Amino acid sequence: AWLKAQPGLMALPPAQQVPYVLTLVSAGGVAGFLSGLLGIGGGLIVTPIMALFSGMSQHAVVGTSMLAMIAPSSVSLYTHHTLGNVRWPVGRMLLLGSACGAAVGVQVAQMCEDKTMKRIFAVGMFFLGVKSARG
């Protein structure tokens, strides 16, 4: 059944790869759209879908999600820049803090077991959902 966790794209016969590829391409499309529209996408769309259906470890899911968001983030940044929507001094400060935080976060993640990573992610998504529901 397609809704159960899959062993991963490369482990599947070619005929069974189609729904997996369509799911990832669709998730990427939604993530790219939301990235351009709201500045969100990878963590909210791509990461949960890959965690549920890819068969990859949570560490690989996070790393792959980061890779997948380079292009849409770059395109969105360029477009917003040309429209005059980027406040570069503020963005540089956020860039510095987020780069440092990401470097530390990756190191902490490497110390966690996959099961712990999945739980941390689930708790984070739960609290984000509660906050969003409350407005």
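In which helix does G43 lie?

Tutor: G43 lies in helix α2, which runs over residues 42-53; helices (H or I, at least four residues) and strands (E, at least two) are DSSP runs, numbered from the N terminus. The model is predicted, so local features need pLDDT of at least 70 and side-chain atom pairs pLDDT 80 or more, while totals for chains, interfaces and linings use all residues. Residues are numbered from 1 along each chain as its sequence is written, and side-chain values use heavy atoms, without hydrogens or water.

With a relative accessibility of 39%, G43 counts as partly exposed (buried is under 20% relative accessible area, exposed over 50%, partly exposed in between, with a 1.4 Å probe and protein chains only). Leaving aside residues up to four places away in sequence, G43 touches P48, S65, F121 and M125, where contact means heavy atoms within 4.5 Å. The C-alpha atom of G43 is also separated by 8.6 Å from that of M66, 23 residues apart along the chain.

Two of those partners, F121 and M125, belong to helix α6, which covers residues 114-134. On the α2 side, G43 is joined by L44, T47 and P48, and this group meets F121, M125 and L128 in α6. By class, this contact has five nonpolar residues, two polar and no charged (Ala, Val, Leu, Ile, Met, Phe, Trp, Tyr, Cys and Pro count as nonpolar, Asp, Glu, Lys and Arg as charged, the others, Gly among them, as polar). The axes of α2 and α6 are 12 Å apart, at an angle of about 135°; axes are lines fitted to C-alpha atoms, for helices over the stretch in contact, and angles run from 0 to 180 degrees between N-to-C directions. The two helices are therefore oblique to each other (under 35 degrees is roughly parallel, over 145 roughly antiparallel, 65 to 115 roughly perpendicular, the rest oblique). Their crossing is left-handed, that is, the near helix is turned anticlockwise from the far one by less than a right angle, clockwise being right-handed.

Helix α2 also packs against helix α1, residues 14-38: the two axes come within 8 Å and cross at roughly 165°. That makes α1 roughly antiparallel to α2, and the crossing is right-handed. In this contact Y20, T23, L24, A27, G28, V30, A31 and L34 of α1 meet G42, I45, V46, I49, M50 and F53 of α2. Eleven of these residues are nonpolar, three are polar and none is charged.

Elsewhere, S76 in helix α4 (residues 70-82) is buried, with a relative accessible area of 11%. Beyond residues up to four places away in sequence, S76 touches S35 and G36. V106 sits in helix α5 (residues 88-110) and is partly exposed at 45% relative accessibility.

As for the chain as a whole, there are six helices and zero strands. Buried residues make up 21% of its 135 residues, and the C-alpha trace spans about 50 × 30 × 30 Å along its principal axes. Of the contacts with a separation of 6 or more, 51% join residues 24 or more positions apart. The average pLDDT, the predictor's confidence in each residue from 0 to 100, is 85, and 93% of the residues score at least 70. Over residues 1-6, however, the pLDDT is below 50, although this stretch has twelve contacts in the model beyond near neighbours in sequence.
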